[in-house]
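Please open the model in your viewer and keep the selection panel at hand. The stops below follow one another, and each says what to select and what is found there.

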Number of protein chains: 2
Amino acid sequence: MTTIDNDELLSIRAAELYYDENKTQDEVGAILKLTRWKVGRLLASAKDKGFIRIEIVHPRARRLTLERTLTERFGLADAIVVPTAGTNGSDDLRARAAQGAADYLASLRPVPRTLGISWGRTLHDVSDHLADGWATGVNVVQINGGVSVNQRAGTAASTAFEIARKASGQATLLPSPAILERLETKQSIESDRTVAGVLSMAANASAYLYSAGVAGADSALVESGYLTSADVDELVRRGAVGDVVGRYIDAAGMIVDPSLDERTVGLGLDALRQASTSIAVIAGDGKHAVARAVVTSGLCTVLVTDEGTALDLLNPEFSA
Amino acid sequence: MTTIDNDELLSIRAAELYYDENKTQDEVGAILKLTRWKVGRLLASAKDKGFIRIEIVHPRARRLTLERTLTERFGLADAIVVPTAGTNGSDDLRARAAQGAADYLASLRPVPRTLGISWGRTLHDVSDHLADGWATGVNVVQINGGVSVNQRAGTAASTAFEIARKASGQATLLPSPAILERLETKQSIESDRTVAGVLSMAANASAYLYSAGVAGADSALVESGYLTSADVDELVRRGAVGDVVGRYIDAAGMIVDPSLDERTVGLGLDALRQASTSIAVIAGDGKHAVARAVVTSGLCTVLVTDEGTALDLLNPEFSA
DNA sequence: GCCACTCTTGCTCATATGAGCAGAAAGCCC
DNA sequence: GGGCTTTCTGCTCATATGAGCAAGAGTGGC
């Protein structure tokens, strides 16, 4: 038979009486024929041997310890980690992270005058979870192109409008495709007064909020028709792990295909890296690699993610 | 967006700081700008809304609340419920229950002078988990037949010897097949002096310890060759849910096939029902139905089981 | 607007708990 | 066995927490 230290067993019995039956340490002592100090010590030992697990089960709970470790390890200004426990599939998880991002955004001080945002499912979820009046007078500007190619892009516009409306601010769309076929077209559209104005507004935003996509056939850029899935396969072959504001990066956070990148309209990644507040919302099991690339290459100052992704980031596989 | 009461959210934030970051309620109050009394109240509300889950993770932990409910609901003398959390498959679960039964047996007062036992995988596990010297001078007697048909029955003997050895007592085997083909053979073997002696010893045991089998092709009685799987199928068709000391019972705890039962050697079920201490060890997802039959028909005074079975027993499906 | 009612808040006070310490017990080396 | 260190035990005392209460803040009826 398995031999277990007798004190260990006692500490379990004590924990059962103390936590499950809410008896006082004194009462537990009486039952187990121990002094109440001994009981206190047994409980303490059970705790630090990890036999007592206290979990906060709530969709809006957070994992503060993980958050602290993340900020320290990657030099972030802040991290928000939502728990995985009790989620039903990735939609649920994304919704939790979106809620976390919404809460964070609402608590951000100073309140940003202008908020630059990307678009996509995650951003749409964030707009959805923001409360009416989350702030007042925040203007929202799109930082990458994608209007009116199809419905998906339509939600891009509505995301911006929604976030702005709920903060009684103005939304400014970037009236341009995400990626153009020819460099010249891209250059001329960028020099158009309207587009240039939006881009400069985007460049001067006080904070950024964006998500990241996985490099794969279900990528938003493929669904929106800017790239074919063969294009994405090729990018993956060249090391792409995902896209950030329409730009494909590799594990080191470097642009995978510069010629493609030059034809992509919107804020450059360096602008995100230099921003004082740039919030990345990246959650889901499939996004571990992009999340790592974003965080390690300094693309964000604040990361909003889920427990699983956070644990993966802290996994010692890449540590010093 | 989902509307959640603001106090609820605050109580979650408070719980994170209090439980995960072990701050004092005062410190939490300072952070959330609340008085320490408000924090106390928020924590209390989080607790009773069930947002705080405290779990004791240890193979030898027990579920005292379930145990109490079981004893009350079914009028048992005692119940032992081992947790399911963290088990790897049914072997692990059975091992935990066996450990629980061993612990219970060792703590039983008064110490039984004679212990009647059945045999099978579960009982073997119990013998394995008993500590050397779990008691002194306990004699063990088999209460149902099954010696020397094959190895499985061989372990039947060793189970008895092991339990007795560890308590410095004698083991007495029941030298008879479990089931005989003809009633006359059964009657004559029972009247044999040796067998009759063992049976009377069994009938006078101060406590009984047995398990129950599921009525199915993998039943121990089939594996041991006493029944064919067709026999068992027929028993199932007639309402059998499982067997106890070699006797098949239905959901009401009644003998399914009296003519078969008359050819079965060993203690009758009524003897178990009248015993002052009869401990049933029944664990595993497949055994919910037998467990219910055993408990509701008063076959045991003490039930050792797992969380899943306990919850099934308390499931209001059969309640008043 | 005013009263009766309930719900919430901040308190006092009793109790439960953890830190720290001195003596007891148990190993351990010789 | 004697002296040594190390661990364990039961204590005192300071602190953290929960129960209970009275005053305050809302709320609805009229």
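Begin by selecting DNA strand C in this predicted model, and then show the residues that surround DNA strand C, namely A:Thr24, A:Gln25, A:Asp26, A:Gly40, A:Leu43, B:Thr35, B:Trp37 and B:Lys38. If you colour by element, you will find that those giving two or more residues to this surface are α2 (25–32) and α3 (36–48) of chain A, together with α3 (36–48) of chain B. Colouring by class instead, the surface near DNA strand C has 2 nonpolar, 4 polar and 2 charged residues.

Now move the selection to DNA strand D, around which lie A:Thr35, A:Trp37, A:Lys38, B:Thr24, B:Gln25, B:Asp26, B:Gly40 and B:Leu43. Here α3 of chain A, along with α2 (25–32) and α3 of chain B, each supply at least two residues of the surface, and by class the surface near DNA strand D holds 2 nonpolar, 4 polar and 2 charged residues.

Next, hide the DNA and display both protein chains. What rotation superposes chain B on chain A? A rotation of 180 degrees with 0.0 Å of shift along its axis does so, with an RMSD of 0.1 Å, and the two copies are therefore related as by a two-fold rotation axis. To find that axis from the side of chain B, select B:Ile54, whose C-alpha is the one in chain B nearest the axis, at 2.3 Å from it. The same surface serves both copies, since 100% of the contact residues of chain B recur in chain A.

Keep both chains on display and select the residues where they touch: the contact takes 25 residues from chain B and 26 residues from chain A. On the side of chain B that touches chain A, the elements giving two or more residues are α1 (6–20), β1 (52–56), α4 (64–74) and α6 (121–129) of chain B, and the largest share, 6 residues, comes from α1(B). By class, the residues on this side of chain B divide into 14 nonpolar, 3 polar and 8 charged.

Within this region, select strand β1 (residues 52–56) of chain A and β1(B) together, and you will see that the two run antiparallel and are joined by 5 bridges. To trace one of the pairings, select A:Ile56, whose bridge partner in β1(B) is B:Ile52.

From there, go along chain B to B:Gly75, which is placed in the loop between α4 and β2 (78–82) of chain B. Is this residue buried or exposed? With 10 C-beta neighbours inside 10 Å, B:Gly75 counts as exposed. For a distance to check in the viewer, take the C-alpha atoms of B:Gly75 and B:Thr65, which are 10 residues apart along the chain and are separated by 15 Å.

Finally, zoom out to chain A as a whole, whose secondary structure comes to 15 helices and 10 strands. The C-alpha atoms of chain A fill a box of roughly 85 × 45 × 30 Å, taken along the principal axes, and buried residues make up 45% of the 320 residues in the chain.

Notes:
Residues are numbered from 1 along each chain as its sequence is written. Chains are lettered from A and ligands numbered from 1 in the order in which they are written. This is a predicted model: local features need pLDDT of at least 70, side-chain atom pairs count only at pLDDT 80 or more; totals for chains, interfaces and linings use all residues. Two residues are in contact if their C-beta atoms, placed from the backbone, lie within 7 Å. Helices (H or I, at least four residues) and strands (E, at least two) are DSSP runs, numbered from the N terminus. Ala, Val, Leu, Ile, Met, Phe, Trp, Tyr, Cys and Pro count as nonpolar, Asp, Glu, Lys and Arg as charged, and the others, Gly among them, as polar. Two strands pair if DSSP finds at least two bridges between them. A residue is near a molecule or strand if its C-beta atom, placed from the backbone, lies within 6 Å of it. Copies are superposed by least squares on the C-alpha atoms of residues with pLDDT of at least 70 in both. A residue is buried if 20 or more other C-beta atoms lie within 10 Å of its own, exposed if 12 or fewer, and partly exposed in between; C-beta atoms are placed from the backbone.
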